[in-house]
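My entries follow in the order in which I looked.

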Amino acid sequence: MDILVVGGGGREHAIVMKLAQSPRVDKLYCTPGNGGISKYAECFDVSATDIDGVVELAQKIKCDMVVVAPDDPLVLGMVDALQQKGFKTFGPKANAAIIEGSKVFSKELMKKYGIPTANYEVFTDSESAIKYLKEQNTYPAVIKADGLALGKGVILAQDEDEAVTAVHEMIDELKFGKSSARIVIEEYLTGPEVSVLSFTDGKTVVPMLSSMDHKRALDGDKGLNTGGMGTVAPNPYYTDDVAKQCMETIFKPTIEAMNKEGRTFEGCLYFGLMLTPKGPKVIEYNCRFGDPETQVVLPMLETDLCDIFEAIYDHTLSELKIKWKSGSCACVVMASGGYPLSYPKGLEIKGLDEKGQLDGAVIYHAGTKLDGEKMLTNGGRVLGVTCTALTLAEALRRAYEAVSKISWENAHYRTDIGKRALEANVDPLNLDYKDDMEDYIESNGVYLRQ
């Protein structure tokens, strides 16, 4: 198969590299791609949100499947447009992608179908929103832009001043454009946070390995919210019992709810969960692979990703056994100094080989570009330095060792990725066959999770 991947970040690089492992994949294309992706796929200069341009490109290269990875084109209806032209696709149609495209829609869906989530109210004018905040007088308060905002449309206001400022910026100043003309204010939930990506064809839902994201820019979960500064998988707080509870109270009910609404979801549905004292609750849905969660989940996937994408398109996911490698995976994001605010571009990255990689680690490129033989920074989050190992502690040690070999001016990264997971005092392998570990080590075989 010849496959076109739409997007140009670390998530897309992870998808491209996983597809490149498939014996069924002949040629890979990507648009717009980045410096690292260009080493594995032929890249084009068509924007990920240019629906007509991507359709024309798919027709020109005569690809067999198009994987639409980012949220914006999914919400805009790129999958609909491609299917109308007869292309196999991976990703939900626009009427299903709204589950991420509108926080108000997703909250009302959960309320209607009894899916556990935080209490909330919706506002379109700042006066009413501020009045509600003062009446509640409970902090931290969670304030969310309704629409897409590059993962930055959520403010955790620590006091009334921060909350009032956030409301004015979103509604009155349209900080995130039309996306923040309507906002959601919801209760602040406490407990371990878990990200669970899932494959679904609208009938069957197959959760992937759980992961733990690190959103804040600085160590100790301080600083501004970002798109994600690192991840580990699996998440030790996500035990088998929690997984079963989530399947019955969240995953299946969400798929069924979308079907009842005439919005069948086909693709990757991301569940952002909080394991509260009252049980798991949904913080948010995403209509696509998370970034950088994908960078720690896909390296652990044993089953051919191309087979999975086809099974979802053909609605035969129930017939496919999806298997995972044992062990753990860690990803440390290296970002430009100044991210998530202003930062320079075009700085030379040193320490990578000609494939944009590093011996002993997989380097996922998020914001890079090639300039001749030089790899330059071209975004806020630049690289995702990823390593797998039998234990999480070893995966993290290897990842940080790799980070120490890569450099550019004012590169920034957190030094405490995975610390909370290591402190969980839960078996990081989450295995039932510890008795077999000696055999595993001796044979260096691979145990598989189904």
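These entries take up the helix pair and then the aromatic rings.

Before anything else I noted that this is a predicted model.

**Helices**

I looked up helix α7, residues 126-136, together with helix α8, residues 160-172, and found that their axes come within 10 Å and cross at roughly 160°. Because angles over 145 degrees count as roughly antiparallel, I wrote down α7 and α8 as roughly antiparallel to each other. I also noted that their crossing is right-handed.

Next I listed the contact itself, in which Ser126, Ala129, Ile130, Leu133 and Lys134 of α7 meet Glu160, Ala163, Val164, Val167, His168, Ile171 and Asp172 of α8. Sorted by type, the residues of this contact comprise 7 nonpolar, 2 polar and 3 charged.

**Aromatic rings**

I then turned to the rings, where a search of the whole structure gives 9 aromatic pairs. One of them is the stacked pair of Phe90 and Phe309, with 4.0 Å centre to centre and 25° between the planes. I noted that Phe90 belongs to strand β5 and Phe309 to helix α11, 219 residues apart, so that the pair links distant parts of the chain. Phe90 counts as buried at 3% relative accessibility, and Phe309 is buried at 0%.

I followed this with Phe199 and Phe289, an edge-to-face pair at 6.2 Å centre to centre and 80° between the planes. Phe199 lies in strand β10 and Phe289 in the loop between β16 and α10, so this pair ties together parts 90 residues apart in sequence. Phe199 is buried at 0% relative accessible area, and Phe289 counts as buried at 2%.

My last entry is that Phe90, Phe199, Phe289 and Phe309 form one aromatic cluster.

Definitions and conventions. Residues are numbered from 1 along each chain as its sequence is written. This is a predicted model: local features need pLDDT of at least 70, side-chain atom pairs count only at pLDDT 80 or more; totals for chains, interfaces and linings use all residues. Side-chain values use heavy atoms; hydrogens and water are left out. Axes are lines fitted to C-alpha atoms, for helices over the stretch in contact, and angles run from 0 to 180 degrees between N-to-C directions. Helices (H or I, at least four residues) and strands (E, at least two) are DSSP runs, numbered from the N terminus. Angles under 35 degrees count as roughly parallel, over 145 as roughly antiparallel, 65 to 115 as roughly perpendicular and the rest as oblique. A crossing is left-handed if the near helix is turned anticlockwise from the far one by less than a right angle, and right-handed if clockwise. Contact means heavy atoms within 4.5 Å. Ala, Val, Leu, Ile, Met, Phe, Trp, Tyr, Cys and Pro count as nonpolar, Asp, Glu, Lys and Arg as charged, and the others, Gly among them, as polar. Rings of Phe, Tyr and Trp (its six-membered ring) pair if their centres lie within 6.5 Å; planes under 30 degrees apart count as stacked, over 60 as edge-to-face and the rest as tilted. Buried means under 20% relative accessible area, exposed over 50%, partly exposed in between (1.4 Å probe, protein chains only).
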